[in-house]
Amino acid sequence: MKSIKKIIFVFIGALGAAAVISATVILGLGHNMYRRALEAKPLAEAVESIREKDSFIDLDQLPGTYIDAVIAAEDHRFFEHGGVDILAVGRAAFNNLATLSLSEGGSTITQQLAKNIYYTQEKSFIRKAAELFTAFRIEAEYSKDEILELYVNTIYFGNGFYSVREAALGYFDKEPAEMTDYECTLLAGIPNAPSVYSPAENPDLAEERRKQVVQCMIKHGYISEEEGEELYGSLPGHAA
């Protein structure tokens, strides 16, 4: 019995050591990827190129409902973390180990911005590590409002729309400031899976996702249950 226990302890110890070594290697390679990315294009230069786009829109030109919906659905601890949500990362890591995949990312808005600016959509642990280092750098140099503003000007909404203004004009034929609460919650849900939730391609799935966004807004205190019930059943083209 003692021999079996000893073998088990040795095995667990070996697994732990292997995990530490693997994590160290991945972080090192990720840091190298991050460093090379910023050497090729300094962060200030990358941000300026976003702000120079014709489709760029200031945060104060967006409806409050849209901003609240984005934060509630994508990163409800956005104003509390420093670029990486440790709780979300831990949950994602556990689920990914359980499924032996990278199906869940746990990415914050800042991490998604880092990916949009510098990296591909390829799922790899090294790219994820590079994304972490870049997120910390972004948080160190820009305010939360600036990060959120850059994020909504770089995310993909399907149908060739790469910013909130392009999406509002493309899907609703109106400027973002003119969007109804219904349209705000619909648009906030699309980036989670643009090819799936595009209202032009899959209107029923887009509506289901919109309702999930409303539920997130209720859960995280952005709207009351009464407001949520009204918005949950609102119709296109009508403000909630």
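**A chat about a helical model**

Me: Which side chains does Glu-175 meet in a salt bridge, and at what distance?
Reply: In this predicted model, the side chain of Glu-175 forms a salt bridge with that of Arg-165, at 2.8 Å from N to O. The pair links distant parts of the chain, with Glu-175 in the loop between H8 and H9 and Arg-165 in helix H8, 10 residues apart.

Me: Are those two buried or exposed, or in between?
Reply: Glu-175 has a relative accessibility of 28% and therefore counts as partly exposed, and Arg-165, at 24%, also counts as partly exposed.

Me: What about the rest of H8, which residues are buried there?
Reply: In helix H8, which spans residues 164–172, the buried residues are Val-164, Ala-167, Ala-168, Tyr-171 and Phe-172. Seen down the helix axis they fall within an arc of 100 degrees, so they line one face of H8.

Me: And what does that face pack against?
Reply: The buried residues of H8 pack against H3, helix H7 (144–152) and helix H9 (181–189).

Me: Glu-74 is a charged one, so what does it touch?
Reply: Glu-74 is found in helix H3, residues 64–74, and because its relative accessibility is 15%, Glu-74 counts as buried. Leaving out residues up to four places away in sequence, Glu-74 touches Ser-107, Ile-109, Gln-112, Tyr-151, Ala-188, Asn-192 and Arg-209. With Gln-112 there is also a polar contact between the side chains, at 3.3 Å.

Me: Back to salt bridges, how many are there in the whole structure?
Reply: A search of the whole structure finds 11 salt bridges. One of them joins the side chains of Glu-207 and Arg-210 at 3.0 Å, N to O, and because these residues are three apart in helix H11, about one helical turn separates them. Both Glu-207 and Arg-210 are buried.

Me: Where does Leu-205 sit, and what is it in contact with?
Reply: Leu-205 lies in helix H11, residues 203–219, and, at 40% relative accessibility, counts as partly exposed. Setting aside neighbours within four places in sequence, Leu-205 is in contact with Val-196 and Tyr-197.

Me: Which residues form a nonpolar patch on the surface?
Reply: Ile-21, Val-25 and Leu-29 form one, with about 260 Å² of accessible area together. Leu-29 lies in helix H1, residues 2–40, and its relative accessibility of 39% is why Leu-29 counts as partly exposed.

Me: Zooming out, how many helices and strands does the chain have?
Reply: The chain has 12 helices and zero strands, and buried residues make up 43% of its 240 residues. Among contacts between residues at least 6 apart in sequence, 63% join residues at least 24 apart. The chain exposes about 12,900 Å², of which carbon and sulfur atoms supply 58%.

Key
Residues numbered from 1 in each chain as written. Predicted model: local features only at pLDDT ≥ 70, side-chain atom pairs only at ≥ 80, totals over all residues. Heavy atoms only, no water. Helix = DSSP H or I, 4+ residues; strand = E, 2+ residues; numbered from the N terminus. Buried < 20%, exposed > 50% of the residue type's maximum accessible area, 1.4 Å probe, protein only. Contact = heavy atoms within 4.5 Å. Polar contact = N/O pair within 3.5 Å; in protein donor to acceptor, adjacent residues only side chain to side chain. Arc of directions from axis to C-beta. Areas by Shrake-Rupley, 256 points an atom, 1.4 Å probe, with all protein chains shown as cover. Patch = residues over 30% accessible without salt bridge, like charges linked within 9 Å, V, L, I, M, F, W, Y side chains within 5 Å. Salt bridge = Lys/Arg side-chain N within 4 Å of Asp/Glu carboxyl O.
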